[in-house]
Amino acid sequence: MAKPETKKIFFENLSGAGKAIAVLTSGGDAQGMNAAVRAVVRMGLYVGAKVYFIHEGYQGMVDGGENIEEASWESVSSMLQVGGTVIGSARCKEFRSHEGRLKAALNLVKQGITNLCVIGGDGSLTGANLFREEWSGLLTELVEQGSIEADSVQKYSALHIVGMVGSIDNDFCGTDMTIGTDSALHRIIEVVDAIMTTAQSHQRTFVLEVMGRHCGYLALVSALACGADWVLIPEMPPEDGWEDKMCSKLSANRAGMKRLNIIIVAEGAIDRSNKPITTDYIKDLVVKCLGFDTRVTILGHVQRGGTPSAFDRILASRMGVEAVLALLETTANTPACVVSLCGNQSVRLPLMECVQMTQEVQRAMDGKRFEEAVKLRGRSFENNLRTYKLLAHRKPESELPVSNFNVAVLNVGAPAAGMNAAVRSAVRVGISEGHKMFAVSDGFEGFSKGQIREIKWADVGGWTGQGGSLLGTKRTLPAKHVDKIAEQMREHNINALLIVGGFEAFLSLLELLTARGKYDEFCVPMVMVPSTVSNNVPGSDLSIGADTALNAITATCDRIKQSASGTKRRVFIIETMGGYCGYLASVGGLAAGADAAYIYEEPFDIRDLQANVEHLTEKMKTSIQRGLVLRNENCNENYTTDFIYQLYSEEGRGVFDSRKNVLGHMQQGGAPSPFDRNFGTKISAKAMQWVTKKLVETFRHGRVFANTEDSCCLLGMRRRALVFQPVVQLKDETDFVHRIPKEQWWLKLRPLMKILAKYKTSYDVSDSGQLEHVVRNRPKESDASVAM
């Protein structure tokens, strides 16, 4: 199929000249709002438009005056890493009245503003749409009052609205992830991880209340991420008699030598009669029925605070740029839209379609149609709930299917945060489907030595929050020990393999596929789940572990930049990992606000380096105090980190000084991020379900025999979907010398980093969001959302 023609927007011919864009934040604040504001301002200025801040949300629009302030490039410097919203947010009763909207219209016309970018929740966006619908009538009224000239009605005839959803609750239908949700999950998981250590010491039960008055997303995903014993959410209240079931589960877990219990409650949790379920009620219940030492922790506004995660910065930056593009392309007949994320792709959706579906969820809950409410939340939410139930609640032995299949799980390659969550998920799903699960220690090297043991449900308890690889992992490929591995496969009667790993795991599957010609033992279903900080596995846009590494890079860059606060101008040269893959340097650069990122995939020479130094020197003279340059470790064998550091030091002499940092293995360490825990959990569960299906399909005459290409697959995330791809078909997509895919989606994000760093560059909008309609049921696989 022919590729669609690439449509590019160039600095010279993409024009917002004569347009005025205003950006405001409204309703509750959310981490990442500042990144969105920064992106709107800089992209707006980049295309030649005038850009205005509206301080204090709709209240500032109604009050006017100094609340509407023209923005400059420098006015959004150093705000990327700041939580909340620096332009302020306020609830505004006056804007709900016709008189208030009339005042707001007058204040916008005075500044010539007819393009609004609204960052807020469904209430804020609904208000913006009403304002847009009334606009022409408001202008006519202002003319009649003598407040504006008659020709203003024609000159400012249409008000264009684009929304971005900023809400930690992730309660807006139509988008996989709202700005602030990932950061809120970071706050929750930090607290849960800390609480687990004290709970274990004293054998306590902790009841945690998280935000979510009308939406249980935070509670559900944090429960999935920490392996909570019980979760209560408003969309799916527990069945009558849940108290006894919960107490039985807690008691059984203690009997199984578990020293703590975690119960997570959304603040809007209800029972089947729509009666609130409070944390105090649960505490009293546990104490009364079980006598366990129980404590309550209410997280409250901690969840809204703190610095935004790497994911939220990237999401907000992408959405901010997309919002400006949407405003430039809008016409008088274009409906107000919201820029959104579906899988790994930007989309534009009619604002009111999203709002109406969001309101339908509440109506379904009010009407006690809870199954419908879960479905309306979307496939991602539905999949989270299904996966949690599968992994948290073990069926009695009598209810388990009997498959008589043995499945081995192993890690291959370098360790990555989230590997353990993937193994836990595979083991528990496998047991739920009736298989006997085996754990292989130390990859294929351990396999050849017989380091194989049966692994039970309880053995993987508490694994989700552990970094590294608890099974042990090695880079050794199987071809070196293929005879011994085949012998171990035969001895333990292994009927399927699930491999969690990076590029070595991909190479391993190719070698095992080749070995099928000689060894029948490898004629079994084999599947790989990508897990590497480098994110260099072909066939998948994302790998488990990459998000944790990005957060480590982003947090370190924040601290490094802050170290120069109050000193003279300084540029930091930071080396990141990734082998030949520039994902960490490029996307980390976008999240940290880098001025440049040098990678292997985008060749550069001394002239490019010189141009970057000159560009940074000019910026240092006029505005910024600190510069940040990232370099992928293998981007160029001659232009090393030392060389670039010395070049910047020499050429910037008298304007700025330079420092260098090699981040090293701290990018591989630490506890996995909420994203990696959940991505690992869900993708591995799907892989194990595929294994079960293939085992049934290939079981003939008393044995498993699978020798087709589609029985040896990689499960990867492609744009909007999780896709099983035969590894042999991925060979043509792979650069084996440099261990990277030949085409990489994230290269299209690099111009964003350059635009936001004030470079003149071309920007490819072939993947830019097109206006779509909200659908109740997306294609079957699209619950693969990047966004958990």
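The model is predicted, so local features need pLDDT of at least 70 and side-chain atom pairs count only at pLDDT 80 or more, while totals for chains, interfaces and linings use all residues. Residues are numbered from 1 along each chain as its sequence is written, and side-chain values use heavy atoms, with hydrogens and water left out.

**The largest pocket**

Rolling a probe the size of a water molecule over the atoms shows where empty space is left. On a 1 Å grid over the protein atoms alone, a pocket is an open set of points where a 1.4 Å probe fits, with protein on both sides within 12 Å along at least five of seven lines. The largest pocket holds about 1400 Å³ of space. It is lined by 48 residues, and A228, D229, K249, N253 and A392 are the closest to its centre; a lining residue has an atom within 4 Å of a point. Two or more lining residues come from each of α6 (181–202), β8 (230–232), α8 (242–255), α13 (379–392) and α14 (419–432). Helices (H or I, at least four residues) and strands (E, at least two) are DSSP runs, numbered from the N terminus. By type, the lining has 23 nonpolar, 11 polar and 14 charged residues. Here Ala, Val, Leu, Ile, Met, Phe, Trp, Tyr, Cys and Pro count as nonpolar, Asp, Glu, Lys and Arg as charged, and the others, Gly among them, as polar.

**Two helices**

The table gives the span from first to last C-alpha beside the expected span, which is 1.5 Å times one less than the number of residues.

| Helix | Length | Span | Expected span |
|---|---|---|---|
| α10 (310–329) | 20 residues | 29 Å | 28 Å |
| α18 (546–563) | 18 residues | 26 Å | 26 Å |

Buried means under 20% relative accessible area, exposed over 50%, and partly exposed in between (1.4 Å probe, protein chains only). In α10, 19 of the 20 residues are buried, so this helix is largely enclosed by the rest of the structure. Helix α18 is mostly covered, with 14 of its 18 residues buried.

**Cysteines**

A disulfide is a covalent bond between the sulfur atoms of two cysteines. It is counted here when two cysteine sulfur atoms lie within 2.5 Å, and the structure holds 0 of them. For C712, the nearest cysteine sulfur is that of C713, 7.0 Å away. C523 is buried at 2% relative accessible area, and C712 is buried at 0%.

**Aromatic rings**

Rings of Phe, Tyr and Trp (its six-membered ring) pair if their centres lie within 6.5 Å; planes under 30 degrees apart count as stacked, over 60 as edge-to-face and the rest as tilted. There are 18 aromatic pairs in the structure. In one of them, the ring centres of F444 and F447 are 6.2 Å apart and the planes meet at 5°, so the pair is stacked. These two residues are 3 apart in helix α15 (residues 443–448), a separation of about one helical turn. F444 is buried, with a relative accessible area of 0%, and F447 is buried with 0%.

Another stacked pair is W690 and F724, with ring centres 5.4 Å apart and planes at 15°. W690 lies in helix α22 (residues 674–698) and F724 in strand β26 (residues 721–726), so the pair ties together parts 34 residues apart in sequence. W690 is buried at 7% relative accessibility, whereas F724 is partly exposed at 23%.

Technical notes: Grid points are joined across faces, edges and corners, and a volume is the space filled by probe spheres set on the points.
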